Amino acid sequence: MARAVTTRRKAINTAIAWAVGLLIFFPILWIFLMSFKSEGDAIKAPLDMLSAPWTLESYGVVQERSDYFKHFSNSVLLSFGSTLLGLIIAVPAAWAMAFVPSKRTKDVLMWMLSTKMLPAVGVLYPIYLLFISLGILDSQLGLIVVLMLINLPIIIWMLYTYFKEIPGEILEAARMDGASLRDEVLYVLTPMAIPGMASTVLLNVILAWNEAFWTLKLTAANAAPLTAFIASYSSPEGLFYAKLSAASVMAIAPILIMGWFSQKQLVRGLTFGAVK
Amino acid sequence: MGQISLSNVAKRFGEVEVIPPLDLQINDGEFVVFVGPSGCGKSTLLRLIAGLEDVSSGEIVIDGTNATEMPPAKRRLAMVFQSYALYPHMSVRNNIAFPLRMAKLDKAEQDRRVSDAARVLNLTDYLDRRPGQLSGGQRQRVAIGRAIVREPAAFLFDEPLSNLDAALRVGMRLEISELHKRLKTTMIYVTHDQVEAMTMADKIVVLRAGVIEQVGSPLELYRTPRNLFVAGFIGSPKMNFLKGDEAKKHGADTIGIRPEHIVLSQEKGDWKGTVGVSEHLGSDTFFHVNSDLFDEPVTVRADGEVDLHYGAEIYLSPNTAHLHKFDAKGLRIS
């Protein structure tokens, strides 16, 4: 009896999970299907999603009208660049807070996180004016710095959490063994934190890739990433669902594929054998 | 050489003084055990010597050099941690070689020392494994191996056996003692287990609330404990304490008598009582005897052959030659 109930409950749970999953996935699926339709079919009502004719026309137009690869390479540069720069700052910061905490460490962490609650638009003008006077408007470097600053609290928090997991005694052992601070971070802490670092990098690359406020406001042509590429298709002259969809698919595909392949890396934790 | 002397060493965490100023002399080649209940400051004291904590005041001198301000690595001390603290991402070989690599020894010398240590500790077959693939006892050996290769002035052990099961603990205890006899290097060993202290130490340092209660050889502490705390802490099962009239008879506030120094008889004796719980170890039997004369049951050691049932009436006679007398402050009256 018990077994039957469990099996039925399991089936219901599975069905609910699939339903929720499909609901969340639906917009992406919709965009994907739309991108293979002609502009006329895409706005037809009632919408006929699954039937032919399928066409690659929108992709062709999008590729012709704008330089996908330039936007793509900007996206790669901005997301990886800002994450790397963030790591360089966050590793020592997280190390200090995890292993040499002071009374104020928790407050500092909370303060860092609180900056995420500030509406970005509130600092748009100061930053915009700053960018103009520094002459870095529409430059990759300027955006890398801004994106890094936006995600820095998250990078520090994530690393802090992973570092906290590492038993302090292991670092003390390294110190007894004659390791300098540099050796300790390089040979002991970093290798042990690699899975944590990998997921931090991955998450922040995704966040930076998707960032669509600053990347739109602070770029024009030169440094514009894929978010600007999509935005350029939501034109005021009319709705071009098919082209907009094709552009969106091209923008999200790389990060989606990357996330898919690194799923395991994201989830896998470190199996410690060092301590009891 | 491994001579360590502490003078006026104190440790405060903010307002809290965990170790009031103390002096301690550890001679070259000695096996010194810091023992005391948990929270007594024994681990903190060890960490001060290691340099993992800064002293609040006082001086630590290692082999004639003032090491008070030295970083841990410069003190030429090796430490074995309670949690082993192995590097999980390195093989056993690289774990043991790590201090040598940090010291930038050449590769051939590193290999020679690692294989020597592995042979001594029976780890040769496991050199290419990761710590995660080893048993608790093997991990502890790797931790010891990592300490040995450095050829330190002294070894520091912080409760190294408390994560092992009882049988393995006895084995490792012997191995560490054996290692000390062979290397003749100073060892400082922290434990809360007085049996470990008694069996391994040349010199025991009994600590309570950061204060050294007594320093001496195991038998010195067993025979002439300086106060009630040491008397109660050293020896297993612990010493029986009697207050009131029985103590006054001997001109003391409290008298102490060990379970092995009481004679048990069914016919006659000084104190009459009834048998409570008995613990049969085979070789010995410990009886917990209740009596109107004592506030708490008195523990008595008898031969393993003696068989008395619960509630049996018996007589106890303390061996007065082994009676310990303490005054109202708990200090020994000699």
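Which domains does the domain assignment give for chain B? Domain 1 covers 4–231 and domain 2 covers 242–326.

**Stop 1**

Colour 4–231 and 242–326 of chain B separately. The C-alpha centres of domain 1 of chain B and domain 2 of chain B lie 38 Å apart. Contact between them involves four residues of domain 1 of chain B and four residues of domain 2 of chain B. On the domain 1 side of chain B, the residues touching domain 2 of chain B are three nonpolar and one polar, with no charged residues.

**Stop 2: the four-stranded sheet of chain B**

Stay in chain B and show the open sheet of four strands, whose order is β2-β1-β4-β5 and whose pairing is antiparallel. At its edges stand β2 (16–26) and β5 (65–66) of chain B; each has a single partner strand, so one side of each has no neighbour in the sheet. Next, select helix α1 (residues 42–50) of chain B, which packs on the sheet and touches β1 (4–13), β2 and β4 of chain B. The direction of α1 makes about 115° with that of β1(B).

Strand β4 (residues 57–62) of chain B runs antiparallel to β5(B), and two bridges join them. Select Ile62(B) to find Thr65(B) of β5(B) standing opposite.

**Stop 3: the six-stranded sheet of chain B**

Another open sheet in chain B has six strands in the order β6-β7-β8-β3-β9-β10, with mixed pairing. Here the edges are β6 and β10 (211–216) of chain B; each pairs with a single strand, so one side of each is left without a neighbour in the sheet. From one strand to the next, the twist averages 15°.

For a parallel pair, select strand β3 (residues 31–35) and strand β8 (residues 186–191) of chain B, which are joined by five bridges.

**Stop 4**

Most residues other than glycine have a negative phi, and most peptide bonds are trans.

- Select Glu159(B), which is not a glycine but has a positive phi of about 40°. Glu159(B) sits in the loop between β7 (154–158) and α5 (166–183) of chain B.
- Select Ser236(B) and Pro237(B), which are joined by a cis peptide bond with omega of about -10°. Pro237(B) lies in the loop between α8 (228–233) and β11 (240–243) of chain B.

**Stop 5: strand β14 of chain B and its partners**

Select strand β14 (residues 271–280) of chain B, then strand β17 (residues 313–318) of chain B; they pair in the antiparallel sense over four bridges. Within this pair, Gly273(B) has Ile314(B) in β17(B) as bridge partner.

β14(B) also runs antiparallel to strand β15 (residues 284–290) of chain B, and five bridges join these two.

**Stop 6: where the chains meet**

Show both chains. How many residues of chain B are in contact with chain A? On the chain B side there are 24 residues, in contact with 20 residues of chain A. Elements giving two or more residues to the chain B side are β6 (77–80) and α2 (92–102) of chain B. Of the elements, α2(B) gives the most, with three residues. By class, the chain B side has 17 nonpolar, five polar and two charged residues.

**Stop 7: chain A**

Move to chain A, which is divided into domain 1 (2–58) and domain 2 (66–232). The C-alpha centres of these two domains of chain A lie 35 Å apart.

Then select helix α5 (residues 105–114) and helix α7 (residues 140–165) of chain A, whose axes come within 9 Å and cross at roughly 145°. The crossing of α5(A) past α7(A) is left-handed. Show side chains for Leu109(A), Met112(A) and Leu113(A) in α5(A), which meet Pro153(A), Ile156(A), Trp157(A) and Tyr160(A) in α7(A). This contact has seven nonpolar residues, with no polar and no charged ones.

Finally, colour by confidence. Chain A has a mean pLDDT of 84, and 89% of its residues reach 70 or more. Residues 269–276 of chain A have pLDDT below 50, though beyond near neighbours in sequence this stretch has 24 contacts in the model. Where pLDDT is low, the predicted coordinates should not be read in detail.

Technical notes
Residues are numbered from 1 along each chain as its sequence is written. Chains are lettered from A and ligands numbered from 1 in the order in which they are written. This is a predicted model: local features need pLDDT of at least 70, side-chain atom pairs count only at pLDDT 80 or more; totals for chains, interfaces and linings use all residues. pLDDT is the predictor's confidence in each residue, from 0 to 100. Two residues are in contact if their C-beta atoms, placed from the backbone, lie within 7 Å. Domain bounds come from an automatic or database domain assignment. Ala, Val, Leu, Ile, Met, Phe, Trp, Tyr, Cys and Pro count as nonpolar, Asp, Glu, Lys and Arg as charged, and the others, Gly among them, as polar. Axes are lines fitted to C-alpha atoms, for helices over the stretch in contact, and angles run from 0 to 180 degrees between N-to-C directions. A crossing is left-handed if the near helix is turned anticlockwise from the far one by less than a right angle, and right-handed if clockwise. Two strands pair if DSSP finds at least two bridges between them.
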